[in-house]
Amino acid sequence: MPDHPAADPEAFRAEARAWLAANFPASLKGRGGVMMAEGGLPSEPDIRAWTRAMADKGWGVPTWPRAYGGGGLAPAQAKVLQQEMSAAGAWSPIGGMGVMMLGPTLLEYGAEAQKQRHIPPIARGEARWCQGFSEPGAGSDLASLQTRCEDAGDHWLVNGQKIWTSGAQWADWCFCLVRTDQARKHEGISFLLIDMRSGGVETRPIRLISGNSPFCETFFTDVKVPKDNLVGPLGGGWTIAKRLLQHERGGLAGAGRGGLTAEPVSDLAKGYLDLDDAGRIADSDLRARIAGHEMDLMAFQLTAARSMRESRSNSGPSAATSIMKNAGARVAQDRAELTLEIMGNQGLGWEGEGFTRDELAAVRGWLGGKAFSIYGGSAEVQDSIIAKRILGLPDPLGQSR
Amino acid sequence: MAVLTEEQSLLRDAARTWTQEKSSVSAFRNMRDAALPLGYDPATFAEMAAMGWCGVIIPEEYGGSGFGYLGLGLILEETGRTLTASPLLATALAAASALVLGGSEAQKRRWLPGIATGDLVATLAVDEGAHHAPRKVALAAGRNGEGWRLDGAKAFVLEGMAAEVFVVSARTSGQSGDEGGITLFLVAADAQGLIRQSLKLADSRGAANLAFEGVEVGPDAMLGEVDAGWPLLDQILDRARAGLAAEMLGTAVQAFETTLDYLKVRVQFGQVIGAFQALQHRAAAMFTDLELARSCVEAALIAIDESSPDTAELVSLAKAKMGETLHRVSNEMVQMHGGIGMTDAHDAGLYLKRARAAETAFGGQAFHRDRYARLQGY
């Protein structure tokens, strides 16, 4: 139950608007997408103050219970908050995997002590989490993971290697899938929280085609983990992981959308391309493709809104939810490709002089965005999930999962 | 599926039950095989009218129920599923919209009650060439005493042989292509000098070309203002487009479901072909497109009901996305059925043919992409 007093979302609108006007520093207006993409916020006084204000209010995680540092808002109020933030050019400085994935999962599956210990720091943006799921031999076939977790009496002993652990080099904690039973594939997986400062944890950043290193290889060598850090039952990790991946996919669809709220590509195009006498983009092929893209984007946004409305009124995910990750990835990638095409040679800059900050960011964003259709379950895995779970087609590999 | 009111749910459920029991695809096939002259079975349409479907967007004071465009869209989605042939869209949505939006009190009283009961079939006569181009109006209307005299032609008029009244766009000034100088008229089908030619189209639905040779109408035939008919016409067309998109959604959903059923039963290489990933991923892609298109169609209908300022953009979005999706799904329906999908005995061909006709009517994908860009200012 929401524990916010203003039950009427429209009454709440005035409150949210006034609070944002009083607390959101004008210097940060519209800079959210750029800064969040760089993996960690710069230490500016305005950013620190804004983070503190949001943390005190609990509005970085507006629908989480107040008891754990959340905003305690009803979904309708959270939507109003989102609208007001967007209208004000404000953005949440509290995010990351703790907010997107672990928090909702712990709220659902965590023991009370685990919630009390881990959720408030996430809600305040003070604890950074990374995700230890994929391994060199376990990508799309995640359940084949091999990182071993043995019962060593008063603690767990973890040995193995994870890959694509986003932000592991900065993370305080890792939520990890580990193998507690060699004999059973899915039932042999458990969900474990590992302190990244534990002895035996080593991270190595992986340099990507974008030039950035948002991902790491993470090695666990005889890492001792307290017994209390097991979430859910022993061997129950796969169920929790599937649920968490739903949050991840939902969040990623949202993240794609976040990157899409910027300037329409048609506006960008007017600055780079020849216009005809009526002010229209003269290259009719490119104009048609820009319109096609803007329509795809609108269709995606309408579907995101519809899926939220339906999930709320059916109190369960709507069928439309299943398509959001792939559709979001495709729209975001199309947008990046189109942006570069519009920029022409100016969309080829890697660094240095001769290019605007936006042009350089577009190039890095285009490359970085190739991951949208790979991480969190590749586009192909998503299509297989739709085929099996929604359309009821048989599993080509004859598996029951 | 949009979150529906109780009335809307009842309307949709009634439509679903009726189409499945009384107007299945085989009913459409029988109509086609019988080569009925109007392109639909009047008895079928009478049943639809008896359920009140012709009055859904017509206000109660003129004999309708005033349930709105989303309500009528839900019915059209169901009739689209089974390819039900009827003038519902042409008369109860397009022509009714023309009168509701542009009619004088006298015109509304004269025409709307008949449309609402289904006793009167009316339709739009807008296009003059092979492509939807509502600004390209050459059909001339000149002053003729108190009234007007119409000379010219109209092409691909939906339900043109069944209609007793046409809503005709005519040029009262300016050049073909201009938005100014367009005026709308209500013309009875039996007017002297109006000649219609029945068209036999691939989708077996009713359509006609019209020739106007000195057709004389009275002053009460003018709908809206002289020379200023364009904004009205544009709004009328948007209602027709959104309604057609709703029908296309039903057609696409059924084409997809029929295909999906086939993937689950057709066995090759010792397994159902739906177990092959190549087909699974195409099925998932179609499902994705259908979900995206549904959002657009529902948003367009709701925008009309709410008189939203972005109605035109949302309608073009809906018509274009729905056209794209139905195009893909209808092609895949044939391809995934293989040889059986090429036979006339199978329904796939009926869906494919209807898909192309519906895509083209009131503007295809290219038309609406261009319009969307214009509306956005580029």
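**Polar contacts and salt bridges**

I looked up polar contacts across the interface of chain B and chain A, and the rule finds 12 residue pairs, both at pLDDT 80 or more. A polar contact is a pair of N or O atoms within 3.5 Å; within protein, one must be able to donate a hydrogen and the other to accept it, and residues adjacent in sequence count only if both atoms are side-chain atoms. On chain B, the side touching chain A draws two or more residues from each of α7 (230-265), α8, α9 (311-337) and α11 (365-375). α8(B) gives the largest share, 15 residues. Helices here are DSSP runs (H or I, at least four residues), numbered from the N terminus, and strands are E runs of at least two.

This is a predicted model: local features need pLDDT of at least 70, side-chain atom pairs count only at pLDDT 80 or more, and totals for chains, interfaces and linings use all residues. Residues are numbered from 1 along each chain as its sequence is written, chains are lettered from A and ligands numbered from 1 in the order written, and side-chain values use heavy atoms, leaving out hydrogens and water.

I then checked salt bridges (a side-chain nitrogen of Lys or Arg within 4 Å of a carboxyl oxygen of Asp or Glu). The rule finds 4 across this interface. One I looked up joins D296(A) and K321(B), at 2.3 Å, N to O.

**Helix α8(B)**

Just after α8(B), S307(B) takes a positive phi of about 50°.
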